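Please examine the sequence and the structure shown below. The report that follows describes selected features in turn.

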Amino acid sequence: MLKFILNDTDISTDQLAGSTVLDFVRYHKDLKGTKIGCREGDCGACTVLVGELIDDEVRYRTMTSCLMPLANAAGKHIVTIEGINPANRELTPVQQAMVDESGTQCGFCTVGFVMSLTGFCVDGSANSAEMAISAIDGNICRCTGYKSIERAAVRLSEQVAVSSEQYVPEYFATIQDRLRQLRGSDCSPLTAYSSLFVGGGTDLYVQRHDAMSESEATHLFYDDELRTIRDAGEYVEIGASVTVTDLLESPVMNAIFPDLYKHLKLVSSTPIRNMATLAGNFVNASPIGDMTVWFLALDAEITLSTPPYEGGVAAASADGVVLSFRDMKLRDLYLGYKQLAKQPDEIITSIRFRKPAGDHRFNFEKVCKRTYLDIASVNTAISLTIRSTPGEDWIPPALSSPPYEGGVDAAPGGRGGSLAVEHTIIAAHVAAGGVAPIPLYLRQTSEFLAGKTVNAETIAAANEIMQSEISPISDVRGTDQYKRLLLRQLFRAHFVEIFHQL
Amino acid sequence: MKNIDSTSHVRGESVYLDDVPVVRGTLYACVFDSPVAHGKLKSIDTSEAEKSEGVVRVITAKDLIGENQIGGIVPDEPLLADGEVHFQGMPIAIVVAESEELARKAAKKITVEIDELTPVTDPRVAAANGDLIVPPKKFVMGDTAAAFAGCEHVFEGKVEINGQEHLYIETQGAYAVPTENGGLKVYSSTQGPTAVQRAVCRVTGMAMHQVEVDVQRLGGGFGGKEDQANAWAGIVAVATQLTGRPVKYALHRMEDMRMTGKRHPYSADYRIGLDRDTKIVAYEVTFYQNAGASCDLSPPVLERTLFHCTNSYFVPNVTATAYCCRTNLPPNTAFRGFGGPQGMFVIESAIAHAAEKLGVKAAEIQRRNLLEDGDEFPYGQIAESDAVTSWTQADAKYDLAALQQEADDFNASSKYFRKGVATMPVCFGISFTKTPMNQARSLVHVYTDGSVAVSTGAVEMGQGVNTKMAQVAAKMFGLDIGQVKVHTTNTLRIANTSPTAASAAADLNGKATQIACETIRKRLLEVALPLVEAASVDELSLQDGYVHRNGEKTSLDWQTLVMDAHLQRVNLSEHSHYATPGIGFDWSTAKGHPFAYHVYGTAIVGVTVDCLRGRYEVDYVLCCHDFGTSMNTAVDLGQIEGGIVQGIGWMTMEEVVYDENGKLRSNALSTYKVPDIYSVPKEIAVLPLETTRENLAIFNSKAVGEPPLMYGIGAYFAIRNAVMSYTDCSPAFDLPFTPEKVLMSLYRS
């Protein structure tokens, strides 16, 4: 039996493990507050809170229930709007703020916003207005124009900052113990081995929605062994089921990538980042996979494993029993469109990249029709190790100012930078998406850059090489000419961002 | 006054179509639709689907008992394809099964044999082929041919206007339940309950009095459920008729996007003539409307394009011609603005073109040509204009020159970023242009406990119309709004409704409610007369739950008065009718007075373009808007903010893409982008126009649903101005201005 807590109710169900949490709550439990807008994680109307024990504390995150297999609810606390409504038609502070600011018109998307904002308030760790708005970056409203919802979010961020008012009902206090008990029991579905592996499900459930619910699958999402991010000295080791949010919150990653938040904000939305796993992004092999392009530019390696499947992958890795494994460069995983250098029964278990030494610069660029919550027309990442003259007293320019803040360019030379400074590239890795059948490691461009001085000529020459490495096609995300032009511009943007003087 | 649904919305307790509790035995429908855009339908093989698990019935055109027709204006739209298919997504067969999943699974087993014909997707090609749905329409004022000859400057060009997906977050759907003696109750997510009732009756052969249509509320409509809810109601009605069981169909998003029409794309040619003072002397425009495969509401949409082809400007010589072109796309339909925005975009493009060539700001040309009181519209109505006042008040409040200077200064110092500013005046006529539609009914009951129930023909879809109806009754009876309940829109209670559209629902239904309440109020005051020993009802009023005499509160409270009236056998219910006075239009001369009034406003839009990446942000939309006297500022502000953002979406990121075979490429939320919270203007400011004019709106509170959408048009021109300030280019007037088009414009060389 598959066990979890739904609002204040303990659930034990033999519903198909591949069916969605959305269908379960709406049609099996008749909890109609959770709405269906798109069934592809793009509107947020079906957002629920998912509570799990992390370091023995209950941590809630928002997820889109339309893409969430029931198997991924196992051992968790699933919260729908019915699970936070106070009795007697009273309102929580989140609901009250939405009413007071007229943040609801037709009301169909409203519950999703309420759940996202409740997640923000319950979390309480980041109580700025910016983060409150960030919490609703996955919710689409077609009526309000968002300004009223924005006002509600800002108001809530101010409330969260000064008080610990109750955002959820009292029964939440019992959840920690109940989740501990669940963890002790066998709460996962009995899944026969299948080489259909499901991580967060955020693309599988979009592409193959109808088929997934009845498919036998091996669910990997909540395998704790696959969810660590570890500083292993020379390398950073990352478990395959680490989500984008896990990366975003990781001290190890933040220490290496000062612009992590700014860059990862460009990747889908909060609820999807809470679900989407790194390995899922890699094996999905989308030519425009954001995280794939990111890790290609880190020249990451992966470990492919063939676990013994009796008892499931989790048991196997927990016991450390793995029949075979092999390592390879991520860039060698991709053979052609959606073709991988991987056996069907192999899974990625870990990902590692070399911790940058010396003066390291990283940048990620992505342009789509809509800046956020969209799929790239073209994305690209660059990782540079550089040497700058004159000497060590030179202070690298601040990288953290997003170009849109105030819309002002860095002055020539940048803050702390100087035109007189000469930068030499010691090593470079460049990757791009949307310009080839695979997420593309730009090998020749990367090799060319090594040893070059950063200047307009180098960038122009590198672009020439880059253009010869890519083969974009015209599709709904842009024409081939546009993608070529866009990659040229984004390549240039890397240098503008990193060196502030081009 | 907050929207009365706010509390149930935030608690997730509001009921939408898919939340209506299903009756035991309910079946689920799924449509099999055409995989090609144009062809001869030679055969349909449903045998595998019929054998599929849980399937109760598969229905094709030959099974219909009624007429296979749902076209409202022109009978050119079969419910199910018969003999030919005219667009990809055209319904061919209905699978009815025990569950939604089983119906969906079975529908995939249907196969068809189609001899493909060449699809037409370009309205100009359709026009050249003579494939027009209705004869061309034309507005003429003055003599453009003669006027152009005397013009100092003449410019001409071409404009391409894209469609727009409604993307109501609640998809289309309907649920039919059989009632006794062969009747039918249909729950529908529709803006037009009567249109649904008519369509259901037509395809089932039932009489209208046998069919009850009930609408609780919509999860957004925006015009997309004005006429296009009919098909789904027709489908479940037919399925119920043929199976004898309740049948429900709530569309999946991709089905909805694929099978329903959108805002009409247009292609247009303009010619504009100005004198040496940049007064517009002559304007000639030809519109090619991409109507899609059948008529739907295309002709009235086309007419409104003509009505608004000169926007807020007085042009003495106008020739405007419009073609309603049949193509192999899903039938395009109503969308907030109803053709008006397309008409406005073309003249704004013409003005931008002239400004660019003459080296002046478009705002200068706009300002000089604004309508004044007494000016004549090309369709003969005389303007009571607040075009100039809204412009002047916006300028006084926001300082257009300073905003322009701020942008210029920024642009002089920035390497990769450019700011652009544009002004967008709006003049939008209120009333259905088809005069007979400007009527409404309201049913008001006062119960003996003093509570009040109101039913009207208006459909609540987020615009707050039910709140306004409750406000009308509460104000008329001097009650708290909590004592008024607005009930579902139901064809048994309110018959022969006009759709909730044209921004007119609050006016029409509000006036009808006002009349009903006034009738009851007068009866109650007659009852009160002896009780408070007044000489005349003129001394009496209802306020704060008490009868007042000469403004002084008496001891007679509302509930006592109501009970007394009932005991005296006084009628506490009223069903009233309202028809907008003084309007009419004669198509034989294309002149008349079609609108009860116009809504005016002026917006200033500022953007920043990242010229390195081709992205942009909207910094502000600052407007002065003509509310008349708003009866609900919270609701009306929400309409303005929402309308502006929807308009900006249409101008920028919302790109409906069909390929040359008529297949929708932007067929999901992953490929069709509407604004998210980061896409909206950083600032939206709304200054209410100061005016003392009387108007025909309910409580003088002007219609607000559609006009603000057109402020969003300013975003296009602001982006264009920013792009042109970065590099020497002249971007084509080709919507939407996606980041792709921005970057390609910036680096065309």
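In strand β14 of chain B, B:Ile280 is the bridge partner of B:Leu274. Strands here are DSSP runs of E with at least two residues, helices are runs of H or I with at least four, and both are numbered from the N terminus. This is a predicted model, in which local features need pLDDT of at least 70 and side-chain atom pairs count only at pLDDT 80 or more, while totals for chains, interfaces and linings use all residues. Residues are numbered from 1 along each chain as its sequence is written, and chains are lettered from A and ligands numbered from 1 in the order in which they are written.

**Strand β14 and its neighbours**

Strands β13 (residues 266-274) and β14 of chain B run antiparallel and are joined by nine bridges; two strands pair if DSSP finds at least two bridges between them. These two strands form a hairpin with five residues between them. In its turn, B:Thr278 has a positive phi of about 55°. The pairing of β14(B) with strand β15 (residues 317-326) of chain B is parallel and comprises 10 bridges. Within this pairing, B:Tyr283 stands opposite B:Val318. Between β14(B) and β15(B) the chain passes through helix α9 (residues 298-307) of chain B, in a right-handed β-α-β crossover. Right-handed means that, with the strands pointing away from the viewer, the path from the first strand over the helix to the second runs clockwise.

Is β14(B) mostly covered or mostly open? Strand β14(B) (residues 280-292) is mostly covered, with 13 of its 13 residues buried. A residue is buried if 20 or more other C-beta atoms, placed from the backbone, lie within 10 Å of its own, exposed if 12 or fewer do, and partly exposed in between.

**Backbone exceptions**

Most residues other than glycine have a negative phi, and most peptide bonds are trans.

| Residue | Phi | Other C-beta atoms within 10 Å |
|---|---|---|
| A:Lys338 | about 55° | 13 |
| B:Asn700 | near 70° | 16 |

A:Lys338 lies in the loop between β12 (334-336) and β13 (339-340) of chain A. It is partly exposed because 13 other C-beta atoms lie within 10 Å. B:Asn700 is in the loop between β29 (683-688) and α18 (713-726) of chain B, and it is partly exposed because 16 other C-beta atoms lie within 10 Å. The peptide bond from B:Leu735 to B:Pro736 is cis, with omega near -10°. B:Pro736 belongs to the loop between β30 (733-734) and α19 (739-746) of chain B.

**Domains and the chain interface**

Chain B is assigned domain 1 (6-118 + 172-250), domain 2 (266-433 + 588-746) and domain 3 (439-579); the bounds come from an automatic or database domain assignment. The centres of domains 2 and 3 of chain B, taken over C-alpha atoms, are 39 Å apart.

Between the chains, 66 residues of chain B are in contact with 66 residues of chain A, where contact means that C-beta atoms, placed from the backbone, lie within 7 Å. On the side of chain B that touches chain A, α17(B) provides the largest share, six residues.

**Confidence**

The mean pLDDT of chain B is 97, and 100% of its residues reach 70 or more; pLDDT is the predictor's confidence in each residue, from 0 to 100. The model scores ipTM 0.98 and pTM 0.96.

Methods. Contact = placed C-beta atoms within 7 Å.
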